[in-house]
Amino acid sequence: MPSYVEQIENGYRLSNDHFEAVISANGETIGITHLASRGEPKRETVTVKEQPIMLRLATDAPREDFVDWQFHAGSGTEIPHEDDWGIALELHKKPTNNGAGPRCGRLIDTLLGNAWYTDIYYPGYCWYRRMVNLPKEWAGKPIVFVLGGGDTWDWRNYWVYLNGEQIGRHSYDTTYTSAFHEVPRYVIKPGDANYAKLKFGEENLLAVQARLLDRRTPDMHRLDLERYSGASFICDQYVSAGEPTRDVTGFTLKQHSSSMDGDNAVVELLLMHPTEPLSVTARYWLAPNDTAIHKRLVVRNEGNAPIALLEADVSHLLFEKVQYFDGGHGWPARIGEDWFAGVAHPAGISRFDKTGVRLQCYPGVTLDPTHSHDYTSKTAVVGLGNGRRAFSEYLQAHGRRKPEFLNMYSLYGLCEIATGLYEKVELTESLVMKNLEQMTDLQKRDIRFEYYCIDTGWNDPLGDLKQFHPKNFPHGSDETFKKIHDLAMKPLLWMSPAQGPPAFRFGTTNPLLKPEDNVGAGWFLCCASTTWRNMLREAMLYHVKNNGVRGFKLDEVAFYCGRTNHGHMMNKYGVEATMDAFIDTLNAVKQECPDVLLMLYWRFMSPWWLLHADTMYQRRLQMEGSTPSPFPSRIIRQSVTVSLDQGHDWNWDLMPLIAQDSLGVWLSNTRWGSWMGAEGWREAWIMDFVRGNMMHQLWGDLSLLHEDDVVFMQAIAKWTSENWKLLKHPRRILGSPWRQEPYGYACCEGDRGLIVINNAQFSNDTVQIALDETIGLSRGKTYDVHWIYKNGNVGEQRAQRVGPGEMLKVDLGSFEACMAEIVPMADVVRTAPPTPASAPKRIHVRAIQNAYRKLDWYAKEDQATLALVMNGRITPTTAPTTLAAGPDRTDERDRDIVQEHLTTTALLAPKSSPSKLLFFTRFDRDGIAWHHLAPFEIIKVIATVDGKPLEMKVTPKRWHEEAGAWSWVLHEFDVRAGTSEIALAIEAAHPKTVSLAFEAWHADA
């Protein structure tokens, strides 16, 4: 499918068998005037024209950028801004120490809510304050404050105060176009009333009162809004003496040409500015197999003095009569049904309003008049595909992860050093060697892992990431690597680009790194700092060359840097350069070892990273390998599996399924694995590798596996090794993981396939599935459905025969996950699976409140309970009954704490043998799941029969330090045979705004 370029009346046509674009070099529009699909299938038709190029330059006005702020919570509701309690506290008048109190890096960040969550919707106020020095030489000049964000992550309202006086306010409305807008500016000119209050040559108190975050999208599920996450780097926070920027447009075409660059059809337009010493070369190209046009700019300084280029519109396109969706920093915009537009770089920005879609770069570079520093922009991409999947199809075609099945094992979960509350379990030489012996035993059973990850804690925290921890590995690393290679596995190492060698060794200072290597706000390291950049790169190259390492897990990173000594501008204008420095490191490692596996974890938030790495974990929905969903379950892992399926479902059409790292399945009795042990791991295992990521990923303690577990793993390993190609194109079937019902996946092609189903509810259920083209099978055939795993068993395959036009009927037990292979009809059909065991029965209970009071923050007898509620909401702490975070960083809606006593009665159908009463409490606020790190601390339930208390266990039972927290808690009671009535007494402490919902089930023991 070659690409072609031909000259036409007004310019050029670029085309291949599936796509065409017209680049006009004459007339009203210079640039793209036509985009369309060609061939089959037919795609949405659009009318488009490219808008003129715009560059934003820095002026000569001096400026001071702010690194961070003192943070303080305000009122939690949409009251008038003058009634906000921050006003009553006079936060706008009282000077602050720039190093004191809770600190926030950006004006669009908050310290509210449950630990590790990002505020998606917050109706109240927050305050950001700092002291600002205005140099004496600025006197007599306009003073310009540029403060806030410019996209969906921004506050809706701002009030800005200087030395106690309001100097301006800003708000934006999203009802007419979008939430993308210019960053708010506040100007004080000589002669203004407030100008006389400026203190030149000394410090001034700058206070920003912000209200209303609303980062919701129509696709978000309301119940789980506290789990949605993300970030934006579009934030300015500086003051200047005079106008800090100026926009340049009005370039005219001077020259145009076309060519073939290899297989790519190319058009180049040379544009000059009539009055500014600037030229721009716009290069468009179409590759042979693409349904997307690409564009890149080269911006040159044609004058005699340096020019600071801050922003560039690589392409600005107006589409007629279509809607725009999504977009933002590091994410593409969707256009209509089948189109997308973005900048192919994690620092790129796609924003839209009534003028169209602007594909922007924020280079933050100085153009040298000698052309030694011409700026070559990142690539703008406009393409089309299969509806919402258009962008993910493009990214999969151009990304690094290829459709091959991976088998991975990690020690983490067997060891654990990231905890702050519990005793660390160190990664040691003896532990690794013992684990590798277990690997040897598994290999004898034909269970093989391709990659062996030596996870967190392996390195010397005082070293340069080349040496193993001398205390834990007294003989160094040679024997460890030799044993891994002898088992024909590829070593994979965990590293933290943000924390460096001392990662999770809190309080450890690495002598090779200095404070000036960090980002200024906080202690994360800057990837562009020369010392750290070289250390990380040299360490990765060292392990690839000398130890045969073939993979890296890169966990946590910081790209928003407030320093000027790392070769980039501060804050948002340094993000692109900082990301490029990290990408350069990845490229150096890939050049040395082209098949190296690169896996990205925390804070890599743009899908464009998949052009440079194989997988990424963070996908705009907060989850870890043991983060529960808002739906309760009897076994923790059942709720975790639903959580992971929700993550994949949310991103199903947004990024390639194969590159979405779900973190696999944990075998662990550590806090990072939520002490799940091995219970329920098989069901989690079969759900995990069929979601589309084509990966077996096991973490943790192999000693938790029993013989029947190994038999199960052996059967699954055999099937995947022989049939993994079937897993390339999964489809969602049945229901949704966002509802408590059966859901699953089908991976079928022709007359063969695989289905997995998870009945994510307490009740038994029966589902029916059509074995036809709706799940990828050929229509009109008779199939045999062989159950590989059903009713908790693997072994002798049972089968069901389904004729043409018939439905496959599947009986499902409570929280049962099952797996079946679909093959053409054979001669022998075995019996169908037995009926599932009886499921728990719902017991209707109504709790009656018989005591209620508001807790008093000043009453000594209430303070321990208040601390439990607040600490469990804000941060893990080793002193749970002593308040760890005060009202300066607490959502006001969480501060009004009440204590209530309730009673209810559960009426049971008596059983002839012992049974269980499952009593769940779910927390929500305004229909949104409310999360707590230790719900068992704030709600107590006692069950009695004839006045005698029943034995009980509670889930969860430990403080949660994971990425996420609990919105439910289970009290499970032992019920004696013949019991028909149980009295329940409930004592709960919680914010007044949080509702409690109770649910009871009667189950077999």
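Student: Which residue in strand 2 is the bridge partner of Tyr4?

Tutor: Ser15 is the bridge partner of Tyr4 in strand 2. Keep in mind that this is a predicted model.

Student: How many bridges pair strand 1 with strand 2, and in which sense?

Tutor: There are 5 bridges between strand 1 and strand 2 (residues 11-15), and the pairing is antiparallel.

Student: What order do the strands of that open sheet take?

Tutor: The order is 1-2-3-4, an open sheet of 4 strands with antiparallel pairing. Strand 1 (4-8) and strand 4 (31-37) are the edge strands, each pairing on one side only. On average, neighbouring strands of this sheet are turned by 20° against each other, direction ignored.

Student: What holds paired strands together in general?

Tutor: Strands of a sheet pair through backbone hydrogen bonds, in a parallel or antiparallel way.

Student: Which order does the open sheet of 6 strands have?

Tutor: That sheet runs 9-8-10-15-12-13, again with antiparallel pairing. Its edge strands are strand 9 (103-104) and strand 13 (165-171).

Student: And how many bridges join strand 10 to strand 15?

Tutor: Strand 10 (residues 121-133) and strand 15 (residues 203-214) run antiparallel and are joined by 11 bridges. One of the pairs is Cys126 with its bridge partner Ala210 in strand 15.

Student: Switching to helices. At what angle do helix 3 and helix 4 pack?

Tutor: Helix 3 (residues 429-444) and helix 4 (residues 478-486) pack at about 10°, and their axes are 11 Å apart. Angles under 35 degrees count as roughly parallel, so helix 3 and helix 4 are roughly parallel to each other.

Student: Which residues make the contact?

Tutor: From helix 3, the contact is made by Val432, Met433, Leu436, Glu437 and Thr440. Helix 4 contributes Glu479, Thr480, Lys483 and Ile484. Sorted by class, the contact has 4 nonpolar, 2 polar and 3 charged residues.

Student: What about helix 8, how many of its residues are buried?

Tutor: In helix 8 (residues 681-688), 7 of the 8 residues are buried, so the helix is largely enclosed by the rest of the structure. The buried residues are Trp681, Arg682, Ala684, Trp685, Ile686, Met687 and Asp688.

Student: OK, salt bridges. How many are there in the whole structure?

Tutor: A search of the whole structure finds 65 salt bridges. One of them joins the side chains of Glu426 and Arg505, at 2.7 Å from N to O.

Student: Where in the chain do Glu426 and Arg505 lie?

Tutor: Glu426 is in the loop between strand 32 (406-410) and helix 3, and Arg505 is in the loop between strand 34 (490-495) and helix 5 (530-546). The pair therefore ties together parts that are 79 residues apart in sequence.

Student: Is Arg505 buried or exposed?

Tutor: Arg505 is buried, with a relative accessible area of 11%. Glu426 counts as partly exposed, at 27% relative accessibility.

Student: What is the N to O distance for Asp784 and Arg801?

Tutor: The side chains of Asp784 and Arg801 meet at 2.9 Å, N to O, in a salt bridge. Asp784 is in strand 44 (residues 783-789) and Arg801 in strand 45 (residues 798-802), 17 residues apart. Asp784 is buried at 0% relative accessible area, while Arg801 is partly exposed at 34%.

Student: Which salt-bridge partner does Lys916 have?

Tutor: The side chain of Lys916 meets that of Glu972 in a salt bridge, 3.9 Å from N to O. Glu972 lies in strand 56 (residues 968-975) and Lys916 in strand 51 (residues 915-925), so the pair ties together parts 56 residues apart in sequence. Both Glu972 and Lys916 are buried.

Student: How many residues of strand 58 are buried?

Tutor: Strand 58 (residues 995-1004) is mostly covered, with 7 of its 10 residues buried.

Notes: Residues numbered from 1 in each chain as written. Predicted model: local features only at pLDDT ≥ 70, side-chain atom pairs only at ≥ 80, totals over all residues. Heavy atoms only, no water. Axes fitted to C-alpha atoms, helices over the stretch in contact; angles between N-to-C directions. Helix = DSSP H or I, 4+ residues; strand = E, 2+ residues; numbered from the N terminus. Parallel < 35°, antiparallel > 145°, perpendicular 65-115°, else oblique. Contact = heavy atoms within 4.5 Å. Nonpolar A, V, L, I, M, F, W, Y, C, P; charged D, E, K, R; others polar. Pairing = 2+ DSSP bridges. Salt bridge = Lys/Arg side-chain N within 4 Å of Asp/Glu carboxyl O. Buried < 20%, exposed > 50% of the residue type's maximum accessible area, 1.4 Å probe, protein only.
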